[in-house]
Amino acid sequence: MNKTGYFSHRDCRKHEMGEGHPECPQRLDAIDDRLLLTGVADALDQREAPQASITDLELAHGRMYVASLRGLTDGLRDEMAAGGPTHAQIDPDTSLNVYTWDATLRAAGAAVAATDAVMAGELVNAFCATRPPGHHACKDKAMGFCFVNNVVVAARHALERHGLKRVAIVDFDVHHGNGTENIVAGDQRILMVSFFQHPFYPEGGSRSHASNLVNVPVPAYTKGAEVRELIVQHWLPRLEAYKPEMVFISAGFDAHREDDMAQMGLVESDYAWITAQIKAVADRHAQGRIVSCLEGGYHLDALARSVEAHVRVLADL
Ligand SMILES: [Zn+2]
């Protein structure tokens, strides 16, 4: 019986932010192709992501913000019908098209459904191959290619609807998960551990000192050996002491050496090692329960190889 779930949805490919944008639908195609080619796909329990509800989104975001996101889509559709622009710009890097809202509901819905399936014992763990990503999305603000914080929605869902007391969010994207930090800082039911290139986008994100955050800023050009040392030194003791009942991963693969979105030096074996560390924590304290959500990763081939390495460890392949 397959125990690692793989959640995705075709709506996640319809969201796009303009010609040549790095956060593009082809990212999901590259991942799917790689998993098919290597036979990994056959070992996964593939499931279609349902749509999240508005109430789900409000686990992480303000009601007005969620309403405005939906309203922007309706407004854009009307404008387009009248011959207006195809995209509504949120910031210089982030815009929505008429499909963004649906993609966002599927991305958050995948994380929620994966959590339900893992909590029900149908799956041991799951990977959500969805977009838009989420870890820059703040309580009341979209930014950095992100609209809804999928990982926080799922973590709060596990706490508030499944009755868990402690969950961890592990963020290994090269960028600081400022949105996650913005929403969960001070929420002692969630421990967030992360590393990120610093100084780098988003500026200033690493200054919070809330006691439930373990931020590990690393300089550009840091390679895997040093990152592993930092994880052993900073993440693992905190995770061990916290004993999370479930672990959520903001799985960004843009710290890969070939990814020129940033300047870090990780490779596939580093992602496999990091995943194994997280899995060991989950095995010891959380009955193995992990839900991992795709964040960044923009070099298509490196992204696909890194996701393969990550999923192989999740699925014990
Ligand atoms: Zn990133």
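**Helix crossing and zinc site**

Colleague: Is the crossing of α2 and α10 left-handed or right-handed?

Modeller: The α2/α10 crossing is right-handed, meaning the near helix is turned clockwise from the far one by less than a right angle. Helices here are DSSP runs (H or I, at least four residues), strands are E runs of at least two, and both are numbered from the N terminus. It's a predicted model, with local features needing pLDDT of at least 70 and side-chain atom pairs 80 or more, while totals for chains, interfaces and linings use all residues. Residue numbers start from 1 along each chain as its sequence is written, and side-chain values use heavy atoms, without hydrogens or water.

Colleague: Which residues meet there?

Modeller: From α2 (26-37), you've got Q26, R27, A30, I31, R34 and L35. They meet L300, L303, A304, R305, V307 and E308 in α10, with contact being heavy atoms within 4.5 Å.

Colleague: OK, switching to the metal. What coordinates the zinc ion?

Modeller: D173 gives two OD atoms, H175 its ND1 and D254 an OD, at 2.0 to 2.7 Å. Donors are N, O and S atoms within 2.8 Å of the metal (3.2 Å for Na, K and Ca); water isn't among the atoms, so sites may look incomplete. Along the chain, the zinc donors are spaced D-x1-H-x78-D.

Colleague: And where do H175 and D254 lie?

Modeller: H175 is in the loop between β6 (167-171) and α7 (178-184), and D254 in the one between β9 (246-251) and α9 (268-285), so the pair ties together parts 79 residues apart in sequence.

Colleague: H175: buried or exposed?

Modeller: H175 is buried, at 8% relative accessibility. The cut-off is under 20% relative accessible area, with exposed over 50% and partly exposed in between (1.4 Å probe, protein chains only). D254 is buried too, at 0%.

Terms used: Axes are lines fitted to C-alpha atoms, for helices over the stretch in contact, and angles run from 0 to 180 degrees between N-to-C directions.
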